[in-house]
Amino acid sequence: ADLQADARQFKQTAPCDGVVYYGQFAARAWSNNDAKTYQPGEKLAAGAVDLTLLVPGKLRVAMDLPENLFPYAKAGLTATVIPVATGEKVTGTLIAPSPIAKANGLELLIALSALNPLFTPGMKTSVDIDAGTSDNALLVPTSAIADGKIWIKGVTGEPTPKHIVTGLRDDSQTQVLDGVSEGDSVYEQAQK
């Protein structure tokens with residue numbers, strides 16, 4: 001009877017259907033997930049998470065958001081997420097980011113629509129967020145900005161740094177909200 005009672009304690013029932021992975025996914029990385037440690041005769045560490053149950057299609061993307069883009073990351077904006085492993089485009093919706101900064105900026109979460117079940121935590125993605133448009137925007141090349149500054153041609157022709165406040169941006173252009181005026185001669189590459 002004691003052996004049968006002990007055997008019942010080794011049986012675990014998942015709370016829902018899903019896919020089970022070895023180890024634990026925390027802080028955007030897997031740990032304790034080497035399949036060799038789960039072979040017969042091996043010993044598991046006490047207190048460690050050994051199995052993780054995932055419900056396919058119920059994942060979110062977590063990404064680092066630079067602090068200067070925080071005002072533009074509004075909850076409900078549409079994002080296109082492309083997992084590197086599958087290459088398929090998936091539509092997502094931004095969840096309002098926390099204003100508490102981490103080591104690499106703010107954490108922005110994106111809730112995903114239906115997703116290929118082969119896409120698992122820890123895989124890399126590219127993300128494109130549609131932050132809207134702005135009319136009559138003052139634009140400079142994104143390559144001209146470094147450390148919150150751009151360089152304009154000074155009175156004698158020398159590069160002069162100016163601090164700026166940026167707005168919306170894409171891969172090639174950035175909106176300048178304050179710091180330069182229309183007509184200023186801006187160097188296309190940030191000066192060192």
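**Reading contacts, cores and loops**

Trainee: What share of the contacts with a separation of 6 or more comes from residues 24 or more positions apart?

Mentor: A contact here needs heavy atoms within 4.5 Å. In this protein, residues 24 or more positions apart account for 60% of the contacts with a separation of 6 or more. Keep in mind that the model is predicted.

Trainee: How many helices and strands does the protein have?

Mentor: There are 14 strands and 1 helix.

Trainee: How does the radius of gyration of the protein stand against that of a compact globule of 192 residues?

Mentor: Set the two values side by side. A compact globule of 192 residues would come near 16 Å, but this protein has 24 Å. Then look at the box. Along the principal axes, the C-alpha atoms fill roughly 95 × 30 × 30 Å.

Trainee: What part of the 192 residues is buried?

Mentor: Buried means under 20% relative accessible area. Buried residues make up 22% of the 192. For the surface, the accessible area is about 13200 Å². Carbon and sulfur atoms hold 52% of that area.

Trainee: How far apart are the mean positions of the positive and negative charges?

Mentor: Count each kind, then compare the mean positions. The protein has 16 positive and 21 negative charges, and their mean positions lie 5 Å apart.

Trainee: Which residues have the most contacts inside the largest nonpolar core?

Mentor: A core joins buried nonpolar residues through side-chain atoms within 4.5 Å. The largest one here has 15 residues, and Leu65, Leu94, Ile110 and Leu112 have the most contacts inside it. At least two core residues come from each of strand 5 (60-65), strand 6 (78-83), strand 7 (90-95) and strand 8 (106-112). Strand 8 gives the most, with 4 residues.

Trainee: What is Leu112 in contact with, leaving aside its neighbours within four places in sequence?

Mentor: Leu112 is in contact with Leu59, Val61, Val81, Val90, Thr91, Gly92 and Phe119. Another core lies apart from the largest one. That other core has 6 residues, including Val140, Ile150, Ile152 and Val176.

Trainee: Where is Ala144, and is Ala144 buried or exposed?

Mentor: Find the loop between strand 10 (139-141) and strand 11 (149-153); Ala144 sits there. Its relative accessibility is 0%, so Ala144 counts as buried. Now list its contacts beyond four places in sequence. They are Lys149, Ile150, Trp151, Val186, Tyr187, Glu188, Gln189 and Ala190. Take Gln189: 45 residues separate it from Ala144 in sequence, yet their C-alpha atoms are 4.3 Å apart.

Trainee: What is the phi of Asp147, and where is Asp147 found?

Mentor: Asp147 is in the loop between strand 10 and strand 11. Its phi is positive, about 55°, although Asp147 is not a glycine. At 74% relative accessibility, Asp147 counts as exposed. Asn136 also has a positive phi of about 55° without being a glycine. Asn136 belongs to the loop between strand 9 (125-129) and strand 10. With 83% relative accessibility, Asn136 counts as exposed.

Trainee: Which residues does Asp128 touch, not counting those up to four places away in sequence?

Mentor: Asp128 touches Thr78, Ala79 and Thr80. Its place is in strand 9. Exposed means over 50%, and Asp128 has 53% relative accessibility, so it counts as exposed. Last, check a distance. Asp128 and Val176 are 48 residues apart along the chain, and 21 Å separates their C-alpha atoms.

Definitions and conventions
Residues numbered from 1 in each chain as written. Predicted model: local features only at pLDDT ≥ 70, side-chain atom pairs only at ≥ 80, totals over all residues. Heavy atoms only, no water. Rg over C-alpha atoms; globule rule 2.2 N^0.38 Å. Buried < 20%, exposed > 50% of the residue type's maximum accessible area, 1.4 Å probe, protein only. Areas by Shrake-Rupley, 256 points an atom, 1.4 Å probe, with all protein chains shown as cover. Lys, Arg positive; Asp, Glu negative; His and termini not counted. Charge placed at Lys NZ, Arg CZ, Asp CG, Glu CD.
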